Amino acid sequence: MTPILSMAGREAVLEIARGRALLALDFDGTLAPIVPDRNAARVRSDTAGLLRTAALMYPCAVVSGRSRGDVASRLPRVPLVAVIGNHGAEAAFGPLDRGLERQVAAWHGPLSDALAATQGVDVEDKYFSIAVHYRAAPSWDLARRRILDAAARLGNVRIFDGHAVVNLVPADAPTKADALEDLSRRLGARAVAYVGDDATDEEAFRSGAVTYPVRIGHGRETAARFALPDQAAIDDLLRALIAARAQQDGLGARWEGLVRVMG
Ligand SMILES: O=P(O)(O)OC[C@H]1O[C@H](O[C@H]2O[C@H](CO)[C@@H](O)[C@H](O)[C@H]2O)[C@H](O)[C@@H](O)[C@@H]1O
């Protein structure tokens with residue numbers, strides 16, 4: 001992987017700016033730091049100002065495992081071209097697939113019953129998928145095993161891990177990769193940069209639609225070609241992308257004032 005903020009990665013940043021690529025970003029662990037309470041997750045004010053500025057210069061989208069409404073409420077005044085929720089299952093455009101919602105609704109009862117006696121487990125029902133969190137469980141191993149056992153008894157389900165969470169999505173629902181391919185086609189994007197931090201982002205990194213896949217964090221096997229060291233570095237990447245685009249538009253250093261106004 002090439003560190004995207006290195007001299008070698010600089011060429012990719014310039015290409016993204018020259019082509020005014022679609023910037024697609026994951027939320028938890030990418031735009032917002034991971035925190036113990038999922039309801040408390042928020043974007044730092046510096047990141048928000050940078051993202052609002054970047055979204056004036058590039059088409060920007062957020063592709064999250066959260067529900068669309070939840071993630072949009074955490075990004076006020078950001079002029080996004082699209083918000084995709086539920087790991088791709090909740091599309092940005094067009095009618096939503098109510099069949100997926102019915103399938104997920106039928107999982108809720110059996111899951112809650114099966115996990116009622118497992119301490120520290122939190123079932124987050126997002127209508128198009130369910131996240132079963134075990135961050136507060138005394139034994140993560142035991143909780144995860146019980147969640148996987150309960151999930152295996154549900155029909156037609158795609159099961160995958162995240163940060164102290166097991167995700168359950170209808171097997172035939174669109175993935176983050178499908179959603180990005182659809183969005184890129186609709187926008188006629190010449191290139192797509194996608195930044196994510198989690199196992200669920202790997203399918204997007206592998207997608208042919210994603211020209212610049214960027215993974216946050218070290219030491220994991222990944223299909224991403226570019227790396228950012230940690231979540232805090234998202235500010236540096238947004239700053240580099242804004243500066244490169246400002247250079248193209250002949251704005252000089254005036255972008256810095258714009259970021260302050262947008263913050
Ligand atoms: O695709 P993402 O935007 O990264 O969303 C992935 C999941 O994020 C949330 O859970 C994770 O973040 C929480 C807050 O930092 C953390 O407490 C939890 O342990 C993480 O798993 C969200 O609650 C899920 O619905 C998303 O699928």
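How much space lies in the largest cavity? About 70 Å³. The points below give the detail.

1. Basis. This is a predicted model, in which local features need pLDDT of at least 70, side-chain atom pairs count only at pLDDT 80 or more, and totals for chains, interfaces and linings use all residues. Residues are numbered from 1 along each chain as its sequence is written, and side-chain values use heavy atoms, with hydrogens and water left out.

2. Cavity. The search gives 1 cavity of 30 Å³ or more. A cavity is a set of points, on a 1 Å grid over the protein atoms alone, where a 1.4 Å probe fits but cannot get out; lining residues have an atom within 4 Å of a point. Volume is the space filled by probe spheres set on the points.

3. Cavity lining. I4, I16, L23, A24, L25, A193, V195, V214, I234, L237, L238 and L241 line the largest cavity. Two or more residues come from each of β2 (22–25), β9 (192–196) and α8 (234–248). The most come from α8, with 4 residues. Helices (H or I, at least four residues) and strands (E, at least two) are DSSP runs. By class, the lining has 12 nonpolar, no polar and no charged residues. Here Asp, Glu, Lys and Arg count as charged; Ala, Val, Leu, Ile, Met, Phe, Trp, Tyr, Cys and Pro as nonpolar; the others, Gly among them, as polar.

4. Pocket. A pocket is an open set with protein on both sides within 12 Å along at least five of seven lines. The largest pocket holds about 510 Å³ of space. It is lined by 30 residues, with D28, R38, H133, H163 and V165 closest to its centre. The elements that give two or more residues are β5 (122–125), β6 (130–133) and β8 (165–170). Its lining divides into 9 nonpolar, 10 polar and 11 charged residues.

5. Ligand shell. The ligand takes the space of the largest pocket; the test is more than half of its atoms within 2 Å of the grid points. Around the ligand are 21 residues, of which D26, V35, S64, G65 and H163 come nearest. Near means a heavy atom within 4 Å. The shell has 7 nonpolar, 6 polar and 8 charged residues.

6. Polar contacts are pairs of N or O atoms within 3.5 Å. A polar side-chain atom of D26 lies 2.7 Å from a ligand oxygen. For a side-chain N or O atom of K126, the distance to a ligand oxygen is 2.8 Å. A polar backbone atom of P36 is 3.4 Å from an oxygen atom of the ligand. Taken alone, the ligand exposes 570 Å², and the protein buries 98% of that. Areas follow the Shrake-Rupley method with a 1.4 Å probe.

Key
Polar contact = N/O pair within 3.5 Å; in protein donor to acceptor, adjacent residues only side chain to side chain.
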